[in-house]
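Let's walk through this model together, starting with its helices and ending with its charged side chains. Here is the structure to keep beside you.

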Amino acid sequence: MAGAEELTGEQWERMVAWHGDWWKWLVMKVARQYAGMTLAEIGEKAGGLDYAAVSIGLKRFEARVAHDKTIQTASRDLIELLNVET
């Protein structure tokens, strides 16, 4: 969460409330893929989302990432900032 806050200049609590914004989904993707968080854990940190909602949202986000260069760049930046192995 802190990495996204650093890159965006916004607090996580505000990002979670954004509708239609992809930053929170990028954070959730990284949390799932690199931190090994469960869908339920991610949902809890994202304002109490149900694990099923997180699962569906992440699938939709993955489809969007494949076509959006801005998100791909932000993803690389976040992963680099967090210094995780890809």
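Helices here are DSSP runs of H or I with at least four residues, numbered from the N terminus. The model is predicted, with local features needing pLDDT of at least 70, side-chain atom pairs counting only at pLDDT 80 or more, and totals for chains, interfaces and linings using all residues. Residues are numbered from 1 along each chain as its sequence is written, and side-chain values use heavy atoms, leaving out hydrogens and water.

Find helix α3, residues 23–34, and helix α5, residues 51–65: they pack at an angle of about 105 degrees, with axes 10 Å apart. Axes are lines fitted to C-alpha atoms over the stretch in contact, and angles run from 0 to 180 degrees between N-to-C directions. That makes α3 roughly perpendicular to α5 (65 to 115 degrees). Where they meet, α3 brings Trp25, Leu26, Met28, Lys29 and Arg32, and α5 brings Ala53, Val54, Gly57, Leu58, Phe61 and Glu62.

Lys24 also sits in helix α3. Beyond its neighbours within four places in sequence, Lys24 is in contact (heavy atoms within 4.5 Å) with Trp12, Met15, Val16 and Trp18.

Which side chain does Asp68 meet in a salt bridge? Arg64 is the partner, at 4.0 Å from N to O. Asp68 is buried, with a relative accessible area of 19%.

Key:
Helix = DSSP H or I, 4+ residues; strand = E, 2+ residues; numbered from the N terminus. Parallel < 35°, antiparallel > 145°, perpendicular 65-115°, else oblique. Buried < 20%, exposed > 50% of the residue type's maximum accessible area, 1.4 Å probe, protein only.
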